[in-house]
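Thanks for coming, everyone. Please have a look at the model on the screen, and then we'll walk through it.

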Amino acid sequence: MRTGSPGSVDTRTAKSEVLLKLIRVEPESLTRLVQQTGWGRAATELALDHLVATNRVRHFTKDGVRVYTESN
């Protein structure tokens, strides 16, 4: 079931929840998350930004790559 247009709050929230589940399994880079979801870079960044803004995910740099992990 579609939750709304690609840029809608419902869609962003749903995508954020999917990303959070993936990140809980293992910290991931943006590139890997785009590959795993197939959503494209912009949509994945938007969902990640939502997770970071709500303090559910944080990021750190490892070997020059930004990696996202669940906030504790």
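Let's start with a question: which side chain meets that of arginine 32 in a salt bridge? Glutamate 28 does, with 3.6 Å from N to O. A salt bridge here is a side-chain nitrogen of Lys or Arg within 4 Å of a carboxyl oxygen of Asp or Glu. We'll come back to this pair.

A word on the ground rules. This is a predicted model, so local features need pLDDT of at least 70, side-chain atom pairs count only at pLDDT 80 or more, and totals for chains, interfaces and linings use all residues. Residues are numbered from 1 along each chain as its sequence is written, and side-chain values use heavy atoms, with hydrogens and water left out.

Now the overall layout. The protein chain has three helices and three strands. Helices (H or I, at least four residues) and strands (E, at least two) are DSSP runs, numbered from the N terminus. Along the sequence, the pattern reads α-β-α-α-β-β. The chain has 72 residues, and 28% of them are buried. Buried means under 20% relative accessible area, exposed means over 50%, and partly exposed is in between (1.4 Å probe, protein chains only). The accessible surface is about 4,700 Å². Carbon and sulfur atoms account for 51% of that surface. These areas come from the Shrake-Rupley method with a 1.4 Å probe; for residues, only the protein chains shown count as cover.

Next, the sheet. What is the order of its strands? It runs S1-S3-S2, in an open sheet with antiparallel pairing. The edge strands are S1 (28-29) and S2 (57-62), and each pairs on one side only. S1 and S3 (residues 65-70) pair over two bridges. Two strands count as paired if DSSP finds at least two bridges between them. In general, strands of a sheet pair through backbone hydrogen bonds, either parallel or antiparallel.

Here is our opening pair again. Glutamate 28 has tyrosine 68 of S3 as its bridge partner. Glutamate 28 is buried, at 8% relative accessible area.

On to helix H2, residues 30-37. Its buried residues are Leu30, Leu33 and Thr37. Seen down the axis of H2, they fall within an arc of 60°, so they line one face of the helix. That arc is taken from the directions from the helix axis to the C-beta atoms. Just after H2, glycine 38 takes a positive phi of about 75°.

So where do Leu30 and Leu33 belong? Both are in the largest nonpolar core, which has ten residues. Its other members include Leu19, Ile23, Leu48 and Tyr68. H1, H2 and helix H3 (41-53) each supply at least two residues of this core. A nonpolar core is a set of buried Ala, Val, Leu, Ile, Met, Phe, Trp, Tyr and Cys residues joined through side-chain atoms within 4.5 Å. As a general point, nonpolar side chains in soluble globular proteins tend to be buried together.

Take leucine 48. Leaving out residues up to four places away in sequence, leucine 48 touches Leu19, Ile23, Leu30, Leu33 and Tyr68. Touching, or contact, means heavy atoms within 4.5 Å.

Is threonine 44 buried or exposed? Threonine 44 counts as buried, at 0% relative accessibility. It is found in helix H3.

Last, back to salt bridges. How many are there? The count comes to four. One of them joins arginine 56 and glutamate 17, with the closest N and O atoms 2.6 Å apart. This pair links distant parts of the chain: arginine 56 is in the loop between H3 and S2, glutamate 17 is in helix H1, and they are 39 residues apart. Arginine 56 is partly exposed at 29%, and glutamate 17 is partly exposed at 29%.

Another salt bridge joins glutamate 45 and arginine 41, at 3.7 Å from N to O. Both lie in helix H3, four residues apart, about one turn of the helix.
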